[in-house]
Amino acid sequence: MPQIIKDPSYIDLDLSLKYKIKDIALAEEGHKDMQLSEKEMPGLMAIREKYGKEKPFKGLKIMGSLHMTIQTAMLIDTLYELGADIRWASCNIFSTQDHAAAAIAQKGSAAVFAWKGETLEEFWWCTEQALIWPDGSGPDLIVDDGGDATLYIHQGVKLEKDPSLLDHETNSLDEKCLMDRLRVSFQ
């Protein structure tokens, strides 16, 4: 069972952060796995080759909420090569490959907020951190495997219309952590 933190406000947003990961020293291992993956992912390599110079995604802000694995790192790197401005979080507190997150963080391909074993509070913080750009704006496109980033946005819109929703009780630990995170954001 994930650790529960009694006061989620301990994690304030810091829009100047470029990453929050387990350990940047794991980047070398991640780079090696990414290099090996180039041969296993010919479609992404072909897209980079064909469109990389054109930068068709220049100016496009993409937020991702997918399992932060080497395969995802390859996708992030491809989106970056196509010109996108990227922020990323994992969609699962247990699926992050820390060396993949470290490689992306070190390369600077994306602002990445993910580590294996996040608490639920940290997970929702990472999601929020990835949804908001340093200038306070949001993404043009969301790549969202589990729907968590989408849920965060929809709940935020509901709260803007009816802040009393923050007072509703829930039996879902995950929903409670989300609402606690939104409560911090709405203060």
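This is a predicted model: local features need pLDDT of at least 70, side-chain atom pairs count only at pLDDT 80 or more; totals for chains, interfaces and linings use all residues.
The contact between helices α1 and α4 is considered at the outset. Helix α1 spans residues 27-40 and helix α4 spans residues 98-107; their axes come within 7 Å and cross at roughly 95 degrees. The two helices are therefore roughly perpendicular to each other, since a crossing angle of 65 to 115 degrees is assigned to that class. On the α1 side, the contact is made by A27, E29, G30, H31, D33 and M34, which meet H99, A102, A103, I104, Q106 and K107 of α4. Classified by residue type, this contact contains five nonpolar, four polar and three charged residues.

Within α2, the buried residues are L44, M45 and R48. These residues cover an arc of only 100 degrees around the axis, which places them on the same side of α2. An α-helix has 3.6 residues a turn, so residues three or four places apart point the same way. The other side of α2 carries the exposed residues P42, E49 and K50. The cover over the buried residues of α2 includes α1 and α3.

D77 is located in helix α3 and counts as buried, at 3% relative accessibility. Apart from its neighbours within four places in sequence, D77 is in contact with M34, R48, I104, K107 and S109. Among these partners, M34 of α1 and both I104 and K107 of α4 also take part in the contact between α1 and α4, and R48 is one of the buried residues of α2. E81 also belongs to α3, which comprises residues 70-81. With a relative accessible area of 32%, E81 is partly exposed. Residues up to four places away in sequence excluded, E81 touches R48, G52 and K55. Between E81 and Q155, which are 74 residues apart in sequence, the C-alpha to C-alpha distance is 33 Å.

Most residues other than glycine have a negative phi. K55 counts as partly exposed, at 33% relative accessibility.

Strand β2 contains S65, which is buried at 0% relative accessibility. Leaving aside neighbours within four places in sequence, the contacts of S65 are W88, A89, S90, C91, V143, D144, D145, G146 and A149. Of these, A149 is among the buried residues of α6. S65 and A114 are 49 residues apart along the chain, and their C-alpha atoms are separated by 9.8 Å.

Helix α6 (residues 148-161) has 14 residues and extends 20 Å from its first C-alpha to its last, close to the 20 Å expected at 1.5 Å a residue. Its buried residues are D148, A149, Y152, Q155, G156 and L159. The arc that they cover around the axis is only 125 degrees, which puts them on the same side of α6. The elements covering these buried residues include β2 (61-65), α5 (120-131), β5 (141-144) and α7 (173-186).

Helix α7 likewise has 14 residues, with a reach of 20 Å from its first C-alpha to its last, close to the 20 Å expected at 1.5 Å a residue. C177, L178, M179, D180, R181, L182 and V184 are the buried residues of α7. These buried residues pack against α5 and α6. Helix α5 is accordingly named both in the cover over the buried residues of α6 and in the packing of α7.

Q129 is a residue of helix α5. It is buried, with a relative accessible area of 0%. Residues up to four places away in sequence not counted, Q129 touches L13, D14, L15, L17, R87 and F113.

Technical notes:
Residues are numbered from 1 along each chain as its sequence is written. Side-chain values use heavy atoms; hydrogens and water are left out. Axes are lines fitted to C-alpha atoms, for helices over the stretch in contact, and angles run from 0 to 180 degrees between N-to-C directions. Helices (H or I, at least four residues) and strands (E, at least two) are DSSP runs, numbered from the N terminus. Angles under 35 degrees count as roughly parallel, over 145 as roughly antiparallel, 65 to 115 as roughly perpendicular and the rest as oblique. Contact means heavy atoms within 4.5 Å. Ala, Val, Leu, Ile, Met, Phe, Trp, Tyr, Cys and Pro count as nonpolar, Asp, Glu, Lys and Arg as charged, and the others, Gly among them, as polar. The expected span of a helix is 1.5 Å times one less than its number of residues. Buried means under 20% relative accessible area, exposed over 50%, partly exposed in between (1.4 Å probe, protein chains only). The arc is that of the directions from the helix axis to the C-beta atoms.
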